[in-house]
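Colleague: I would like to learn how to read a structure like this one. Please take me through it feature by feature.

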Amino acid sequence: MVNSTPERQGECQPKAALIVGASQGIGLEFVRQLLKIEQVERLYTTYRNSGSELLQISDPRLRCLPMEITDESQIAAVVQAIQAETPVLHTVINCVGVLHEGSLQPEKSLRHLKAEQLLRYFQINSIGAVLLAKQVQPLLKHSERAILATISAKIGSIGDNHLGGWYGYRASKAALNMFMRTTAIEYQRLCPRTIVVTLHPGTTDTQLSRPFKRQVKPEQLFSVERTVKQLLEVLDRLQERDSGEFFSWDGNRLPW
């Protein structure tokens, strides 16, 4: 998919790509690294923050579109804007996710649960992703290899949950994984060349993880540059039989 080495160019190169949630962090770094690849002819991105560095990047291949992932009409509008310029996408990477914002903080115990906060986690981390998969499907229905990847988190693995806590974030990422697994099954019929995966990026030094990074060993805290490089390498190695799976940054499959 995304590898600048000569032996892997050709159908594995994303001629047209979409990065959802490119305002900052991992999404913004995906933009920077994809623009270094000559074979990328068009790069579409979505953003919420009009003050983002994304809007300062000057490249004729780049088009930035405002979008709120909790609003399906905005997702549909972005897809329509892309369809006006190209009939296909080869790579779609959804980087949108929330762990904390304002009063929304990961819960340490049951007594901290609030319905409205749980709904917020699901709206952003789960529902938005599957609505994106619904709307973008026509652009992935073609005969060339394509990728639909969504940033998830190992903390959403039910089998790997040994610590508890963080109810809303854990559950919304588990729901995300189920949504994308189910999407992969349907895409096998409708878009058989599209590989649908969820990805655990590892703990990355971004705004999302910053309040908690003191608890992380330095060697386990990745820069955004390293995280994106690793994830692109994982995506590059994917085969069609990998569709519907949950991968870690090192290429290993994670338990559901």
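Modeller: Start with the surface. Accessible areas come from the Shrake-Rupley method with a 1.4 Å probe, and for residues only the protein chains shown count as cover. Here the chain exposes about 12,200 Å². Carbon and sulfur atoms supply 51% of that area.

Colleague: What kind of model is it, and how are its residues numbered?

Modeller: This is a predicted model: local features need pLDDT of at least 70, side-chain atom pairs count only at pLDDT 80 or more, and totals for chains, interfaces and linings use all residues. Residues are numbered from 1 along each chain as its sequence is written, and side-chain values use heavy atoms, with hydrogens and water left out.

Colleague: How many helices and strands are there?

Modeller: Both are DSSP runs, numbered from the N terminus: helices are H or I with at least four residues, strands are E with at least two. The chain has 5 helices and 7 strands. Their order along the sequence is β-α-β-β-α-β-α-β-α-β-α-β.

Colleague: What share of the chain is buried?

Modeller: Buried means under 20% relative accessible area, exposed means over 50%, and partly exposed lies in between (1.4 Å probe, protein chains only). By that rule, 51% of the 256 residues are buried.

Colleague: How should I read contacts?

Modeller: A contact means heavy atoms within 4.5 Å. Take the contacts between residues at least 6 apart in sequence: 68% of them join residues at least 24 apart.

Colleague: Which residues have the most contacts inside the largest nonpolar core?

Modeller: The general idea comes before the case. In soluble globular proteins, nonpolar side chains tend to be buried together. A nonpolar core is a set of buried Ala, Val, Leu, Ile, Met, Phe, Trp, Tyr and Cys residues joined through side-chain atoms within 4.5 Å. The largest one here has 37 residues, and Leu-89 and Leu-140 have the most contacts inside it. Helix 3 gives the most to this core, with 7 residues. Leu-140 touches residues including Leu-89, Tyr-187 and Cys-191. Apart from this core lies another, of 30 residues, among them Leu-43 and Cys-95.

Colleague: Where does Gln-137 lie, and is Gln-137 buried or exposed?

Modeller: Gln-137 sits in the loop between helix 3 (115–136) and strand 5 (146–151). Its relative accessible area is 15%, so Gln-137 counts as buried. Beyond four places away in sequence, Gln-137 touches Tyr-187, Leu-190 and Cys-191.

Colleague: How many disulfides are there?

Modeller: A disulfide is a pair of cysteine sulfur atoms within 2.5 Å. The count is 0. Cys-191 is buried, at 1% relative accessible area. Cys-95 is buried too, at 16%.
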